[in-house]
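Let's take a walk through this structure, starting at the ligand and then heading into the strands and helices. Keep the viewer open as you read.

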Amino acid sequence: MSDPTRPAGPKIIAVVNQKGGVGKTTTTINLGAALAELGFHVLLVDLDPQGNASTGLGVGKEKRAMTTYDLLLADAELQDVVQPSSIEGLWIAPATTDLSSADIEMVANEKRSFLLYDALRQKSIDQYEFDYVLIDCPPSLSLLTVNAMVAAHSVLVPLQSEFFALEGLSQLLLTVRDVRQTANPDLRIEGVVLTMYDVRNNLSKLVEEDARENLGDVIFKTVIPRNVRISEAPSYALPVLEYDTRSKGSQAYRALANEMVALQGRNQGKGH
Ligand SMILES: Nc1ncnc2c1ncn2[C@@H]1O[C@H](COP(=O)(O)OP(=O)(O)O)[C@@H](O)[C@H]1O
Ligand SMILES: [Mg+2]
């Protein structure tokens with residue numbers, strides 16, 4: 001999908017929260033699928049050694065000969081790592097447990113924070129005409145996550161609608177500030193999305209009120225409901241949008257994609 005107002009190259013979004021189990025991988029896969037459904041070309045970069053995004057999109061271990069580890073630390077070419085998923089418009093750079101040693105290996109490299117930045121700016125990325133790159137980060141604020149923030153234009157934070165949800169957010173925002181000061185001054189907050197929202201549970205509502213009061217506009221209007229179809233989809237190696245296209249979860253991720261694209265259009269209109 002060509003948009004004359006878009007700057008050259010894809011918009012790169014790091015999906016970050018140092019807590020595990022808050023919906024990072026689920027959001028990366030399903031927001032990616034929803035953007036692909038809108039006609040965009042999307043690359044999903046699996047930056048978690050657990051490789052859940054790779055598994056969730058049906059890229060089994062036997063199909064991960066070259067991974068994001070090679071991209072970061074073995075000078076791999078992008079086209080050797082990027083592969084199409086079963087979803088039209090959605091590509092993936094998979095990960096394996098190899099990546100768990102990356103943090104230690106990167107420390108010795110003087111460009112340690114810029115390894116993903118450099119990898120995603122290889123000239124060969126142009127052939128794919130990606131509109132979006134979504135980076136699924138590990139549950140930490142490690143050097144891998146810093147690499148994602150340095151490579152990205154913005155940070156998308158999934159927040160689980162649970163008690164203590166906001167805890168840890170200040171640490172995350174400090175890391176964003178650090179990255180801005182040292183490596184990526186233009187890094188923006190794409191937004192915070194509430195996940196696993198349970199309408200029957202008063203706590204979800206309280207967490208939402210608390211989050212909107214404290215963070216205001218940064219919170220997406222769209223909330224992702226707790227939906228069993230969302231949690232079933234990865235075992236069928238499909239985004240929920242394919243597994244049960246009419247489920248509440250699918251509708252929510254479509255709404256999130258639309259909200260994000262609309263915000264981007266508005267910001268560009270303002271010359272941002
Ligand atoms: N909206 C949702 N409704 C129900 N289950 C969800 C939802 N979002 C995520 N899950 C489930 O919660 C677990 C953690 O989600 P995941 O995306 O893997 O989190 P993270 O990547 O932050 O560790 C997974 O089993 C996932 O299927
Ligand atoms: Mg994950």
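A residue counts as near a molecule if one of its heavy atoms lies within 4 Å of it. Keep in mind that this is a predicted model. Around ligand 1 there are 14 residues, and Gly21, Lys24, Thr25, Thr26 and Pro225 come nearest. By class, that shell has 5 nonpolar, 7 polar and 2 charged residues. Helix α1 (24-37) and helix α10 (228-232) each supply at least two of the shell residues, with α1 giving the largest share, 3 residues.

A backbone N or O atom of Gly23 sits 3.0 Å from an oxygen atom of ligand 1, while the side chain of Thr25 puts an N or O atom 2.9 Å from a ligand oxygen. A nitrogen atom of ligand 1 has a backbone N or O atom of Asn227 at 2.9 Å. Taken alone, the ligand exposes 560 Å², and the protein buries 79% of that.

Next, strand β6. All 7 of the 7 residues in β6 (residues 154-160) are buried, so the strand is largely enclosed by the rest of the structure. Both faces are covered: Ser154, Leu156, Pro158 and Gln160 are buried on one side, and Val155, Val157 and Leu159 on the other.

What flanks it? Strand β1 (residues 11-15) pairs with β6 in the parallel sense over 3 bridges, and Val15 stands opposite Leu156. Strand β7 (residues 188-195) also runs parallel to β6, joined by 7 bridges, with Gln160 opposite Thr195. The chain gets from β6 to β7 through helix α8 (residues 169-182), in a right-handed β-α-β crossover.

Finally, helix α7 (residues 143-151) is mostly covered, with 9 of its 9 residues buried.

Note on methods:
Residues are numbered from 1 along each chain as its sequence is written. Chains are lettered from A and ligands numbered from 1 in the order in which they are written. This is a predicted model: local features need pLDDT of at least 70, side-chain atom pairs count only at pLDDT 80 or more; totals for chains, interfaces and linings use all residues. Side-chain values use heavy atoms; hydrogens and water are left out. Buried means under 20% relative accessible area, exposed over 50%, partly exposed in between (1.4 Å probe, protein chains only). Helices (H or I, at least four residues) and strands (E, at least two) are DSSP runs, numbered from the N terminus. Two strands pair if DSSP finds at least two bridges between them. A crossover is right-handed if, with the strands pointing away from the viewer, the path from the first strand over the helix to the second runs clockwise. A polar contact is a pair of N or O atoms within 3.5 Å; within protein, one must be able to donate a hydrogen and the other to accept it, and residues adjacent in sequence count only if both atoms are side-chain atoms. Accessible areas come from the Shrake-Rupley method with a 1.4 Å probe; for residues, only the protein chains shown count as cover. Ala, Val, Leu, Ile, Met, Phe, Trp, Tyr, Cys and Pro count as nonpolar, Asp, Glu, Lys and Arg as charged, and the others, Gly among them, as polar.
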